[in-house]
Each structure stands twice: as structure tokens, then as C-alpha cells.
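Please have a look at the picture first, and then follow the points below.

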Amino acid sequence: MVEDGSVKIEVVDLHKSFGNNHVLRGVNLKVRDGESMVVIGGSGVGKSVLIKCIIGLVRPDSGNIRVDGQEITSLDEKSLNEIRKKFGMLFQAGALFDSLSVWENVGFGLKQHTSLGDGEIKAIAGEKLKLVGLRHVEDLMPSELSGGMRKRVSLARALAMEPEILLYDEPTTGLDPIMADVINDLIVQMRRKLRVTSIAITHDMVSAYKIADRIAMLYEGEIIEVGTPQQNKDSSNPIVQQFIQGRAEGPIKVR
Amino acid sequence: MNSVFDYIGVHLIRFLQESGRITMLFGQTVVWIFRPPFDVREPLSQMEEIGVRSIPVVVITAAFTGMVLALQSFTGFKRFHAETLVGTVVALSVTRELGPVLTGLMVSGRVGSAMAAELGTMRVTEQIDALYTLATNPVKYLIVPRFLASLVMFPILVVFADIIGIMGGYFVSVKILGTNPTIYIRRTWDYLELNDIYSGLLKACVFGMIMATISCYQGFYTEGGAEGVGKATTRAVVLSSLLILISNYFITALLF
């Protein structure tokens with residue numbers, strides 16, 4: 001969509017280890033403004049660690065992350081919180097607060113960071129829920145929702161503060177194919193309607209091809225290839241080919 | 001030989017690390033108490049959970065402790081004909097020692113485990129990460145209300161325990177062992193000083209802080225799914241209880 005757009009998020013030579021496990025070994029990635037970037041890779045290659053670094057949940061050992069040109073790796077908690085207000089994140093299992101009702105979940109950010117009253121917050125929450133295709137669920141508790149509904153409520157919560165950037169952690173994992181497609185459609189719609197920049201991590205190639213402007217493959221702690229979905233399908237890299245075709249044999253070592 | 005030093009070294013480092021992290025969490029909690037935004041609803045609902053819902057446990061514990069104390073000290077004092085001092089012993093033991101300690105231990109078992117399990121589940125289901133992404137500090141949002149509620153409710157529960165414990169002792173002495181009620185009450189009041197009660201309440205405040213800090217710490221830093229939550233819960237109760245017993249000695253020695 002945006003070939004020459006300005007860079008929204010820039011990750012430079014990012015390293016992160018947990019004990020002896022060197023997860024990220026120099027990740028470089030540029031995400032343009034308004035673009036939908038999908039990071040693919042096997043389980044345990046550090047996809048989650050990468051997006052958790054980008055939103056400041058995990059501090060990298062070295063390297064830089066710039067959001068709108070601002071370096072975030074060295075920020076203190078307070079400034080980081082200001083940056084985080086630009087973000088919305090959809091967690092793998094939803095991560096809804098189970099002591100709060102659906103509308104309190106969706107309106108959580110508004111409650112914490114604005115002076116709006118409960119009535120207004122509930123109204124906004126209702127709108128955001130409509131945006132993700134949910135009606136009449138405001139007063140339910142998260143435990144009463146199905147997996148697909150939880151993800152959509154979580155998406156509504158991520159949208160409530162009108163973020164510029166959305167992060168999706170395995171948005172389709174654990175859903176049936178139809179619900180997965182509903183979520184994919186929502187992700188595409190969000191980008192069109194709200195013009196947000198997004199990064200999704202997934203190993204679901206159907207989803208990746210549907211939602212991505214560009215696809216980046218993470219392998220052994222580095223981004224080995226970035227390109228459009230078509231370029232990704234046509235890749236001459238045997239590692240990429242093995243992954244997208246889902247073959248057990250090939251250069252990727254299965255642990 | 002090396003492996004012995006390794007063993008000692010590894011455990012010493014782990015102990016120091018853990019102590020440091022607990023102290024830091026305690027420090028952060030205290031700092032966040034005084035930083036806005038100030039929320040009343042969450043501390044109040046925690047007070048209900050920690051305080052009001054613990055009353056039955058505390059009442060039963062204190063009643064039977066006071067009762068057995070009366071029986072036991074009666075047996076002892078009878079040997080040198082000092083049965084009338086039972087009231088004094090019950091009152092002093094309950095207010096200075098058994099009220100706060102047993103309340104602390106029982107409430108730690110009830111509330112500490114729940115705190116660790118709740119925060120631990122929030123950690124492993126990424127709810128704590130979600131708080132960060134919503135630009136909300138989890139120490140402020142989750143730990144401060146629990147800490148404040150414990151600090152306030154522990155002494156109040158101990159007041160209940162003191163009253164019920166003394167009543168338990170009275171019941172057994174007067175109704176079962178046949179002590180003269182006037183003498184029993186006079187022996188209770190004559191030797192009981194306000195300081196006895198204050199020292200018990202001071203202990204209760206410290207125990208409340210210990211329980212909240214340890215239990216929240218264990219829950220907050222839970223790792224490893226459902227199993228991790230189970231371990232955190234156990235550790236919260238065991239460590240809170242041990243620290244309550246250890247600190248109890250030192251507070252007593254300090255106030256001696």
C-alpha cells in the first residue's frame with residue numbers, strides 16, 4: 001500500500017537472551033506508516049519476544065527500537081507509558097481481566113487515563129464492541145465468552161484508546177477456521193477504516209497472506225527475508241519455502 | 001569439595017536475589033501508595049475480602065485458643081493454688097501473643113494463598129502484561145490495594161481476636177471450671193495494660209504488610225503456567241507464615 005511511506009517503527013540490531021538461550025540475535029525490521037507487517041516463524045523463535053520488546057514489556061539486551069523516530073529502549077517507565085498509549089495489543093488468549101465485565105475491560109484504558117464517567121465509557125465500549133461485531137455482551141463476564149468472542153473483546157479493548165499501532169500476538173491461534181477468518185477480516189477492516197499501522201506475529205500462513213502488506217520471516221533470531229505476500233510465495237530461500245509449505249524435512253532444524 | 005561451595009554459593013545468591021526483589025517490590029508499593037491516581041473502590045473491596053470474610057475464621061480460632069488456654073493454665077496454677085490468675089494469663093497471652101500471631105497465620109493461609117493464586121493466574125494468562133500495554137502500572141493497580149487493605153484489616157481482626165479470646169477464657173473458667181466471675185474479670189483488668197494491646201496491634205500491622213508483600217510477590221513473579229501458580233500459592237503461605245513467626249520474636253524482643 002505505502003511503498004515510500006515514512007517509517008513508523010524501526011528495529012535495529014536487536015538482541016535478547018534469556019539465560020543461555022540467545023533468542024533474538026540482531027533483528028532488523030522497518031514498518032512503514034499505515035502498513036500491515038506480519039512476522040512469521042516457528043514456535044519458540046522469539047516472535048513474541050520481538051513484539052514484547054516493541055511495546056516495552058521486555059527490555060532488550062542491546063539494539064534500538066524507534067517509534068515515530070523516538071528511541072524507546074532507554075526510556076523510564078513513565079515515558080514508556082506515554083509511548084504505550086500509541087499502542088493497542090491483542091494478546092494470544094485475550095488476556096481479559098476476569099474480575100471485570102466486558103465493558104469495563106474495553107473501557108479500562110479510558111477509565112485509567114481520562115476523566116470520562118462510567119456512562120460515557122460504557123457507551124464508547126459499546127461502539128468499539130460493535131466495530132468488532134459484538135452486540136449485547138457489555139454486561140457479561142469474560143468467563144462467559146467463547147474463545148473467538150474473547151479475542152474480539154480484547155481487540156475492542158485494544159481499539160478503545162484509538163491507537164496508531166496495533167500489535168497482534170497470534171490472532172488466529174486456537175480458533176476454528178471460520179472464526180479465524182472473521183478475525184482476519186477484522187484485522188483487514190481495522191487497517192482500512194482506522195489507518196493503523198500493525199504488526200502481527202503468526203504461523204498461520206492463510207492468515208498471513210490475507211492480512212499482510214509485507215511478510216517478514218524470523219529464523220534463528222534474525223529476520224531472513226522481508227517481502228510482499230507474492231514475493232514470499234515466490235521466495236527462492238529454502239528455509240522460507242519449507243516453512244510456508246509446512247514440511248517436516250528441510251533446512252529448518254526441528255527441536 | 002567444590003560442589004559443596006557451589007551449592008552454598010548458588011543458594012546464597014538465590015536467597016540474596018530473592019530478598020532484594022522482595023524489598024524492591026515493597027519499596028515500589030510504598031512509593032505508589034502516595035502517587036495518584038487514588039482509587040477507593042478497589043481497596044475497599046479488598047478490605048471486605050481480607051477483613052470481613054476472615055471474621056469467622058478469626059473468631060473460631062480465637063475462641064478455642066482462649067478456651068484451651070484457660071484449661072491448660074488452670075491445670076498448672078491449681079498445683080500451687082493460684083487458679084484465680086487464669087484470667088490474667090489468658091488476657092496477656094491473647095493480646096500480646098496469640099491473638100496477633102494466630103490471626104496472622106490463619107489469615108495468611110486464607111488470604112495470602114488467594115492473593116498469590118489470583119496474581120499468578122493474571123501473570124500466566126498475560127493479564128499483567130495487558131495492564132502494562134494499557135499504560136497502567138500493575139503495582140499501583142493490583143498490589144497497593146491489597147497492601148493497604150491488609151495493613152488496615154489485620155489490626156481490626158486482632159481486636160476481634162482479643163475480645164473473643166478473652167471471652168473464651170472467661171467461658172471455660174467461669175462456666176466449666178467454676179471460677180468466681182467477679183474475681184476472673186478483676187484479675188483480667190487489674191493486670192492488663194494498654195501497652196499489651198498496642199504491642200499486639202503493632203505486630204498485626206507488620207504481619208499484614210509481610211503477608212501482602214510476600215503473597216503479591218509470589219503471585220506477581222509466577223512462571224510456568226498452572227503448575228507455577230500452584231507453587232507460588234504454596235510458597236506464599238509458607239514464606240508468609242515463617243516470616244510472621246520470625247518477625248514476631250524480634251518485635252517482641254524489641255518491645256520487651
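**Notes on the two chains**

1. Strand S5 (residues 70–71) of chain A runs antiparallel to S4(A), with two bridges between them. Strands here (E, at least two residues) and helices (H or I, at least four) are DSSP runs, numbered from the N terminus, and two strands pair if DSSP finds at least two bridges between them. In this hairpin two residues lie between the strands, and A:Asp68 takes a positive phi near 50°.

2. A word on conventions: this is a predicted model, in which local features need pLDDT of at least 70 and side-chain atom pairs count only at pLDDT 80 or more, while totals for chains, interfaces and linings use all residues. Residues are numbered from 1 along each chain as its sequence is written, with chains lettered from A and ligands numbered from 1 in the order in which they are written.

3. On its pairing with strand S1 (residues 7–18) of chain A, strand S4 (residues 62–67) of chain A is joined by five bridges and runs antiparallel. There, A:His15 stands opposite A:Ser62.

4. Next comes an open sheet of six strands in chain A, with mixed pairing and the order S6-S7-S8-S3-S9-S10. S6 and strand S10 (222–227) of chain A each have a single partner strand, so one side of each is left without a neighbour in the sheet. Within the sheet, S7 (residues 165–169) and S8 (residues 197–202) of chain A run parallel, joined by five bridges; A:Leu166 has A:Ser198 as its bridge partner in S8(A).

5. What does helix H3 (residues 55–78) of chain B pack with? Its partner is helix H4 (residues 86–124) of chain B, at an angle of about 145° and with the axes 9 Å apart. Axes are lines fitted to C-alpha atoms, for helices over the stretch in contact, and angles run from 0 to 180 degrees between N-to-C directions. Among the residues that meet are B:Val57, B:Leu69 and B:Phe77 in H3(B), and B:Val86, B:Leu98 and B:Arg110 in H4(B).

6. Finally, the contact between the chains takes 15 residues from chain A and 10 residues from chain B, where residues are in contact if their C-beta atoms, placed from the backbone, lie within 7 Å. On the side of chain A that touches chain B, H4(A) gives the largest share, four residues.

How values were computed
Contact = placed C-beta atoms within 7 Å.
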